[in-house]
Amino acid sequence: MDWKTVILTLSSTIVLILPCPAQSRPKIYISADMEGVAGVVTGEQLGPSGFEYQRFREFMTDEVLAAIEGARAGGAGEVLVSDSHGNGQNLLIERFPPDVQIVRAWPRPLGMMQGIDASFAGVICIGYHTGTTDLEGVRAHTMSSARLTDIRLNGVSMPELGINAAIAGEYGVPVVMVSGDDAIVAKAFSLLGPVEGATVKWAYGFHSARTLAPLAARQLIRQKAEEAVRQLAMFRPYRLGAPIQLEVQFKNYRASEILAYLSIVDRIDSHAIRFTGQGMTEISKFLQFLGHYEPGIAP
């Protein structure tokens, strides 16, 4: 068994060893994106139409499995994985341990953090990338590279990592580890503090990088996940005080014009809107609405 043990000293010569039930081990949430996976540099790796996508689904799955292995080596129990890239149907779920569950497809009220709650002890972010306002990073964007130029929470430009850390923080759960390129690991440190970071590639530009081989990346991710779970007590949730002001800037003007018809939305310039929520759950639902609603939606 891989149970932790509790050693009770009954006398100077008698020791009783009792197993700790699996339920007492910390629960870990893994949010998995793809742009930060080792080797990813262009759209050819990122979607079903790309000639390398099927191979890179394997590599993405391998990195998540390495994080699970490392977390469990560090003492984790239950693990929930969120497939959070593209259509949310990238991970090869038949390769996962039978006691691991996977969140798939869209829409979801909490987006890349669907399923998080206060019962989790930590969040691991695999394959992450920097935001649309960052000067460095492979495939840097926030939620939609085609539609958005900025997302701000209480006046601070946020990558997806920051938004997701704030959602987890509302439930009292800290981000404990991030993997991706050097730019997102540095961003994680500046935004969240000393989390564990697994740098699997070094950005040269939006579509170029120097990268670890997949095996080396998996080994590093496993190591960092184990170290993070062994040190859970040192991490702190990323909390934003309510009310929270969300500002979204669009590449084009018409979305901001039409959204301003809603009484809950203020148009703050020709391309940007502001929405105020009482917490990150409300903010997340609004962002999911922006990303997924369209006239004629069916079924």
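Which residues in H2 meet which residues in H3? The points below begin with that contact; the model is a predicted one.

1. **The contact of H2 with H3.** On the side of H2, the residues involved are Leu-161, Gly-162 and Ala-165, and they meet Ile-184, Ala-188, Leu-191 and Leu-192 in H3. By class, the residues of this contact comprise 6 nonpolar, 1 polar and no charged. An α-helix has 3.6 residues a turn, so residues three or four places apart point the same way.

2. **Geometry of the pair.** Helix H2 covers residues 160–170 and helix H3 residues 182–192; their axes come within 10 Å and cross at roughly 40°. Angles under 35 degrees would count as roughly parallel, and H2 and H3 are therefore oblique to each other. The crossing of H2 and H3 is right-handed.

3. Of the 11 residues of H2, 10 are buried, which leaves the helix mostly covered. The buried residues include Glu-160, Asn-164 and Gly-169, and also Leu-161, Gly-162 and Ala-165, which take part in the contact with H3. The cover over the buried residues of H2 includes strands E6 (120–128), E7 (148–153) and E9 (175–181), together with H3 and helix H6 (280–292). After H2 comes Gly-172, with a positive phi near 80°.

4. **The sheet.** An open sheet is formed by 7 strands in the order E5-E4-E3-E6-E9-E10-E11, with mixed pairing. E5 and strand E11 (208–211) stand at the edges; each has a single partner strand, so one side of each is left without a neighbour in the sheet. From one strand to the next, the twist averages 25°. Within this sheet, E9 and strand E10 (residues 196–205) run parallel and are joined by 5 bridges. Ser-179 stands opposite Ala-198 in E10.

5. **Helices on the sheet.** H3 packs on the sheet and touches E6, E9 and E10; its direction makes about 150° with that of E9. H4 also packs on the sheet, where it touches strand E3 (27–32), E6, E9 and E10. The direction of H4 makes about 140° with that of E10.

6. **Cis peptide bonds.** Most residues other than glycine have a negative phi, and most peptide bonds are trans. A cis bond joins Ala-242 and Pro-243, with omega about -5°. Pro-243 belongs to the loop between helix H4 (214–230) and strand E12 (244–250). Another cis bond joins Ala-298 and Pro-299, with omega about 0°; Pro-299 is placed in the segment after H6.

7. Ala-105 has a positive phi, near 65°, and lies in the loop between strand E5 (101–103) and E6. The relative accessible area of Ala-105 is 24%, so this residue is partly exposed. Asn-154 likewise has a positive phi, near 50°, and is found in the loop between E7 and strand E8 (156–157). With 36% relative accessibility, Asn-154 counts as partly exposed.

How values were computed: Residues numbered from 1 in each chain as written. Predicted model: local features only at pLDDT ≥ 70, side-chain atom pairs only at ≥ 80, totals over all residues. Heavy atoms only, no water. Axes fitted to C-alpha atoms, helices over the stretch in contact; angles between N-to-C directions. Helix = DSSP H or I, 4+ residues; strand = E, 2+ residues; numbered from the N terminus. Parallel < 35°, antiparallel > 145°, perpendicular 65-115°, else oblique. Left-handed = near helix turned anticlockwise from the far one by under 90°. Contact = heavy atoms within 4.5 Å. Nonpolar A, V, L, I, M, F, W, Y, C, P; charged D, E, K, R; others polar. Buried < 20%, exposed > 50% of the residue type's maximum accessible area, 1.4 Å probe, protein only. Pairing = 2+ DSSP bridges.
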